[in-house]
Amino acid sequence: MEGGVSLVSRIREGDCAVLKRDDVFKAVPVLRRRKIIFEKQWFYLDNAIGHVYGTTFEVTGGGNLQPKREAEETNKETKEAGTDNRNIVADGASQKLTQDDIKALKDKGVKGQEIVQQLIENSTTFRDKTEFSQDKYIKKKKKKYEVLITIVKPSTRILSTMYYAREPGKINYLRYDTLAQMLTLGNIRAGNKMIVMETCAGLVLGAVMERMGGYGSIIQMYPGRGPVRAATSCFGFPKVFFDNLHEFPLSEVNSLLSGTFSTETLPSEPEDNAIMEEESNALTDEKQTSLQETEEESTTEAAMEINQPEEQETMDINAEDVEHKENKENKENVQEKQRKQWERRKKLLETAALLREKNADGLIVASKFHPTPLLLALLEFVAPSRPFVVYCQYKEPLVECYTKLRERGGVINLKLSETWLRNYQVLPDRSHPKLTMSGGGGYLLSGITVVLDKDKSDSSNLEALKMEEPSSKRCKVQDLHC
């Protein structure tokens with residue numbers, strides 16, 4: 001509420017929206033005259049533009065979306081029910097409408113709700129069914145003949161549910177309740193300086209950005225050539241959110257910690273311009289020499305052939321124009337490439353300066369790699385008394401990481417936990433746990449950083465090495481050598 005006026009979010013062209021039908025989700029861009037295929041139905045989103053997020057639409061003829069009124073959602077059929085279903089035989093003869101009749105109704109443009117109503121009226125056994133069986137029958141027919149789609153605004157909960165149901169392998173089987181635990185244990189809030197290392201298609205990064213609301217800074221550590229942000233783009237964040245989003249490659253972490261990462265690798269802007277000019281001049285010289293050669297060849301041919309047609313001269317002029325055009329395009333491509341390289345190196349140095357401060361407010365790790373080397377290296381950039389959270393699909397790597405951290409020191413309140421989730425059906429006289437449930441949502445290792453006493457840690461490491469082999473065994477080995 002601002003000034004007594006409620007801010008209602010409406011669907012706009014160019015937004016990224018999420019389609020919902022029952023428990024199925026799909027993220028799509030909102031564009032005009034673009035065919036969308038969702039749950040074996042095709043339609044266009046043109047009529048949805050301008051409506052409020054959360055509106056339910058019905059797919060009509062021609063793939064058009066029509067908003068469904070609340071009055072239409074009320075059930076008009078009578079509630080005359082039987083006592084039991086023992087005398088009902090499912091032989092397929094209880095329905096008077098045939099498939100041809102239903103197809104004819106669809107061709108006439110009859111709505112799905114009216115088709116369901118006619119199926120109920122033409123069923124000879126519907127009134128003999130129990131009330132629960134009638135609700136089940138209506139729900140089944142509505143799902144088949146009444147195509148209702150709800151357009152919702154993307155959020156962490158919706159996108160994590162969508163990815164876990166459709167493509168769980170892309171997010172390392174990170175369940176939505178586990179992601180919520182990560183955000184809570186990591187103390188994600190506005191104004192933080194967070195380090196995020198994830199290989200979950202950008203879902204964890206998007207969740208952190210949403211929680212911070214564009215305030216603070218985020219440093220994304222990525223493997224390979226560049227970060228993957230497929231899920232992040234589905235959130236539809238404004239450009240302001242990306243102003244304080246930095247990225248740094250994992251391959252440069254060791255050089256940054258050892259001090260070998262220097263700013264000398266960044267060329268100054270005038271040098272870039274000089275390089276571009278030299279390359280462009282070289283290209284023009286080559287083109288000019290080639291043009292001179294072609295002109296000399298053309299003059300000799302003209303001397304040999306006196307009756308040369310005038311069309312050949314126009315073709316030579318057109319060829320020269322094409323070569324000049326290609327020369328100009330090559331110069332522009334070289335300049336654009338050099339500019340992008342310079343901007344990328346400049347951002348890389350800015351991110352390195354932020355990491356050198358070693359005052360990050362938290363660390364989030366959720367990757368397919370082994371967590372131990374990642375965590376031990378990235379903890380160097382986190383300030384004391386700050387939380388860190390590590391996610392892994394399996395327990396054994398986190399157990400090893402837990403042991404290494406206990407030996408290293410510098411952390412307290414270490415916890416290795418597993419989230420457990422069960423869905424319930426809540427209906428009158430039918431509330432019970434659902435028959436299918438998730439087998440596992442991964443494991444979390446969380447803790448808080450403290451100041452690390454290096455002398456104490458070195459001595460403890462030496463003692464640990466000495467204690468690896470019992471003294472009695474060392475004595476026996478010495479006796480054998482003697």
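1. **What you are looking at.** This is a predicted model, in which local features need pLDDT of at least 70, side-chain atom pairs count only at pLDDT 80 or more, and totals for chains, interfaces and linings use all residues. Residues are numbered from 1 along each chain as its sequence is written, and side-chain values use heavy atoms, with hydrogens and water left out.

2. **The chain overall.** The secondary structure comes to 14 helices and 16 strands; these are DSSP runs numbered from the N terminus, with helices being H or I of at least four residues and strands E of at least two. Of the 482 residues, 35% are buried. Here buried means under 20% relative accessible area, exposed means over 50%, and partly exposed is in between, using a 1.4 Å probe and protein chains only. The accessible surface is about 30200 Å², and 50% of that belongs to carbon and sulfur atoms; such areas come from the Shrake-Rupley method with a 1.4 Å probe, and for residues only the protein chains shown count as cover. Among contacts (heavy atoms within 4.5 Å) with a separation of 6 or more, 71% are between residues 24 or more positions apart.

3. **Strand β5 and its partners.** Back to Glu58: this residue belongs to β5 (residues 56-59), where Thr56 and Glu58 point one way, Phe57 and Val59 point the other way, and all are buried. In general, side chains in a regular strand alternate between the two faces of the sheet. β5 pairs with β6 (residues 65-67) in the antiparallel sense over three bridges; strands pair if DSSP finds at least two bridges between them. Three bridges also join β5 to β7 (residues 148-152), again antiparallel, and Phe57 stands opposite Ile149 in β7. The hairpin of β5 and β6 has five residues between the strands, and Gly62 takes a positive phi near 80 degrees there.

4. **The sheet as a whole.** These strands belong to an open sheet of five, in the order β2-β1-β7-β5-β6, with antiparallel pairing. Its edge strands are β2 (24-29) and β6, each of which pairs on one side only. From one strand to the next, the twist averages 35 degrees. β1 (residues 16-21) and β2 are joined by six bridges in the antiparallel sense, and Cys16 has Pro29 in β2 as its bridge partner.

5. **The helix on the sheet.** Helix α4 (residues 156-166) packs on the sheet and touches β1, β2 and β7, with its direction at about 110 degrees to that of β2. Axes are lines fitted to C-alpha atoms, for helices over the stretch in contact, and angles run from 0 to 180 degrees between N-to-C directions. The buried residues of α4 include Ile158, Leu159, Met162 and Tyr163. Besides β1, β2 and β7, the buried residues of α4 pack against α5 (176-185), α6 (203-212) and α7 (230-234).

6. Trp42 and Tyr44 are edge-to-face because their ring centres are 6.0 Å apart and their planes stand at 85 degrees. Rings of Phe, Tyr and Trp (its six-membered ring) pair if their centres lie within 6.5 Å, with planes under 30 degrees apart counted as stacked, over 60 as edge-to-face and the rest as tilted. Trp42 is partly exposed at 39% relative accessibility, whereas Tyr44 is buried at 16%. Each of these two rings also has a charge over it: Lys35 lies over the face of Trp42, 4.8 Å from the ring centre, and the charged end of Arg33 sits over the ring of Tyr44, 4.3 Å from its centre. That description requires NZ of Lys or CZ of Arg within 6 Å of the ring centre and within 35 degrees of the ring normal. Elsewhere, Phe235, Phe237 and Phe241 form one aromatic cluster.

7. **Two backbone points to check by eye.** Most residues other than glycine have a negative phi. Ala201 has a positive phi near 60 degrees; Ala201 is in the loop between β8 (193-198) and α6 and is buried, with a relative accessible area of 12%. Asp429 also has a positive phi, of about 65 degrees, in the loop between β14 (424-425) and β15 (432-433), but Asp429 is exposed at 79% relative accessibility.
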